[in-house]
Amino acid sequence: MSMAMLRKRSSFIICGGFIFVAWNVILIYVLMGRPLGQLDSKAEPGKAGDQGQGEIGNIINEVMRVANEFETELKSQKKILMQIKSHRSVWENNKDNEPAAEKKSIAEPAAPVVIPILVIACDRVTVKRCLDKLIEQRPSAELHPIIVSQDCGHAETANVIASYGSQLTHIKQPDLSEIAVPAQHKKFQGYYKISRHYRWALNQVFNTFSYTSVVIVEDDIEVAPDFFEYFRALHPILKSDPTLWCVSAWNDNGRDGYVDPGKASLLYRTDFFPGLGWMLTKDLWMELEPKWPASFWDDWMRHPDQRKDRSCIRPEISRTITFGRKGVSLGQFFDKYLRFIKLNTEFVPFTTLDLSYLDKETYDKTFDKEVYSAEVVTMEDLKGGKLSGPGPFRLQYSSADSFKTLARNLGIMDDLKSGVPRAGYRGVVSFLSRGKRVYLAPPAGWSQYDPSWS
């Protein structure tokens, strides 16, 4: 109850008390001034005076009793009000010193954030598999609207998308023209069209639909049961941490046997831009859009000029898989790696978990200790099954060539983009080998990537 309300109530009480007492005084005055015989016209003439006098006395006594009781009550109320007033400064001081978390708890709850899903489509009718899973796993159509942006003008694919009606929004990239490309890039025409499409679609999401963040998937992606939960939990972290620039659902080395099935909730920071189901904010798009590349947008994202030492969040176990061997990359990596990626099947309630360990300062301290206190082993130790104890273990590389050699022997992805290994953080790649945690790492004291390692 506010002090203004208390002051208002006390004024009403005092005013009411004054009116009550005044009314009774007037009533006594009127009664005493009336002829006594009028009090009871049916009384006997001889007894009228005595009887009337007695009744008046009773009325006066009753009025005085009520007035006294009311006066006592007024004093009691006044005392309470004075006590409240005396504690006012204490309350206001406590309110000023109240923890921010408590203040927030009594404030109006913020409206749930809307995170749309942008599906990049072209000419694959198998987009139906992607859309079916998204709609099946989606917890709310209002909080996660699906926007399918279609390039290519492929009628059969357009019909598949249109069959979902109001369950999604279907937009079509209007510019289907051929793109003039350098002669040596003629066979990469598709990469130029994809980059053009991404630019147009993201401008639609952020500038036309006015969303503040988005999760992008392509039409050959299938999502896990906790796909939406994952991104909803990490959205506030992405928004508040300037050392992050994306959240990805993908682990490049997430093949079965290379990830820990008992750690479905484990998340990492990574310096490698993974893609394949990723979230960005409008602020980042406003930074990237003016210099968006004509082609090969994903490798462009991995360049130091764009990354600016920022990281992404990725999971131990992927929340997406790709089923699209057909595409502009002609199945690059698909048969050897991508089709073996393990999709998470266990729903993890990420929004209820403490994810503060992903804070850069906290994470780096724990990460460095974990990696560089691990026992150093050789490839022969790993291959020969000579590792004793639960681990973790560290395998060290010192050059681009040694990294590639070790990665190939271990069965993890061996390519480097601007010097950054896939799924790597501070040069370190984490994975399981024969059920034991292994870190493929540079020497202690690592400071930066060498872009020439590409």
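Which element gives the largest share of the lining of the second largest pocket? That share, five residues, comes from helix 11. Before going further, let me state the conventions. This is a predicted model, in which local features need pLDDT of at least 70 and side-chain atom pairs count only at pLDDT 80 or more, while totals for chains, interfaces and linings use all residues. Residues are numbered from 1 along each chain as its sequence is written, and side-chain values use heavy atoms, with hydrogens and water left out.

To return to the pocket, its volume is about 430 Å³. A pocket here is an open set of points on a 1 Å grid over the protein atoms alone, where a 1.4 Å probe fits, with protein on both sides within 12 Å along at least five of seven lines; lining residues have an atom within 4 Å of a point. Points are joined across faces, edges and corners, and the volume is the space filled by probe spheres set on them. The second largest pocket has 20 lining residues, and Lys263, Leu266, Tyr268, Glu370 and Tyr439 lie nearest its centre. Two or more lining residues come from each of strand 7 (267–270), helix 11 (360–372), strand 15 (429–433) and strand 16 (436–441). Helices (H or I, at least four residues) and strands (E, at least two) are DSSP runs, numbered from the N terminus. By class, the lining divides into 10 nonpolar, five polar and five charged residues. Ala, Val, Leu, Ile, Met, Phe, Trp, Tyr, Cys and Pro count as nonpolar, Asp, Glu, Lys and Arg as charged, and the others, Gly among them, as polar.

I turn now to the cysteines. With a disulfide taken as a pair of cysteine sulfur atoms within 2.5 Å, the count comes to two disulfides. Cys122 and Cys152 form one of them, with sulfur atoms 1.5 Å apart. Their link is left-handed, at -85 degrees about the S-S bond. Cys122 lies in the loop between strand 1 (117–121) and helix 4 (127–137), and Cys152 in the loop between strand 2 and helix 5 (155–162), so the pair ties together parts that are 30 residues apart in sequence. Cys122 is partly exposed at 22% relative accessible area, as is Cys152 at 39%; buried means under 20%, exposed over 50%, and partly exposed in between, using a 1.4 Å probe and protein chains only.

Cys246 and Cys312 form a disulfide with sulfur atoms 2.0 Å apart. The torsion about its S-S bond is about 115 degrees, so this disulfide is right-handed. The pair links Cys246 in strand 6 (residues 244–248) with Cys312 in strand 9 (residues 311–315), 66 residues apart. Both Cys246 and Cys312 are buried.

Next, Gln150, in strand 2 (residues 146–150), is buried at 3% relative accessible area.

Finally, Phe228 lies in helix 7 (residues 227–240) and is buried at 3%. Phe228 and Gln137 are 91 residues apart in sequence and 7.5 Å apart in space, C-alpha to C-alpha.
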